[in-house]
Amino acid sequence: MADQNQLLWLFFSLKGRISPAVYFLAGLLLLIVQMFLLYRFTLAPHESAAQGGWALAFWVAVMVSAWSNIALTGKRLHDFGRPAWWALITLVIGFIVFIVLSFVKGNPGPNQYGASTNMRA
């Protein structure tokens, strides 16, 4: 199991590089969390406190996931030798970029963003 610092780096830092598998699995985890909260929201009684709580939890998860997706995509782009700010493009063409970055390997060996894939810079 990864330690807390590794998870904070993975989901919130723009430094370093990650592999296609890590990018895909981390993105999938974010999606599963959002879908679980949305599912719980739909099960709660209409206009109840529980429904309001699940709705709030869902929107907090969406906001956190938005940054996490940018951080993950930035690190994935680093694996191609590209700057993290290109991740902002994914706000427009997100799904296509997600599929490409999930399955295409990056540059082998070190580059200006890190020594190897899945390592901090």
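These legends accompany close-up views of a predicted model of one protein chain.

**View 1. Confidence along the predicted chain.** The protein chain has a mean pLDDT of 88, with 98% of its residues at 70 or more. Confidence is highest in helix α2 (residues 20-43), where the mean is 94. The lowest value belongs to helix α4 (residues 90-103), with a mean of 79.

View 2. L8, F12, L14, L56, V60, V64 and W67 make a nonpolar surface patch of about 600 Å². Two elements, α1 (4-12) and α3 (49-78), each give two or more residues to the nonpolar patch. Helix α3 supplies the largest share, 4 residues.

**View 3. V64 in helix α3.** V64 is a residue of helix α3 and one of those that make the nonpolar patch. Its relative accessible area is 37%, so V64 counts as partly exposed.

**View 4. The kink in helix α4.** Helix α4 has a kink of about 55°, centred on I96. The end C-alpha atoms of α4 are only 16 Å apart, whereas a straight helix of 14 residues would span 20 Å at 1.5 Å a residue. This is also the helix in which confidence is lowest, at a mean of 79.

**View 5. Buried residues of helix α4.** T90, V97, L101 and S102 are buried in α4. In general, an α-helix has 3.6 residues a turn, so residues three or four places apart point the same way.

Definitions and conventions: Residues numbered from 1 in each chain as written. Predicted model: local features only at pLDDT ≥ 70, side-chain atom pairs only at ≥ 80, totals over all residues. Heavy atoms only, no water. pLDDT = per-residue confidence, 0-100. Patch = residues over 30% accessible without salt bridge, like charges linked within 9 Å, V, L, I, M, F, W, Y side chains within 5 Å. Areas by Shrake-Rupley, 256 points an atom, 1.4 Å probe, with all protein chains shown as cover. Salt bridge = Lys/Arg side-chain N within 4 Å of Asp/Glu carboxyl O. Buried < 20%, exposed > 50% of the residue type's maximum accessible area, 1.4 Å probe, protein only. Expected span 1.5 Å × (residues − 1). Bend = angle between axes of the 7 residues up to and from the residue.
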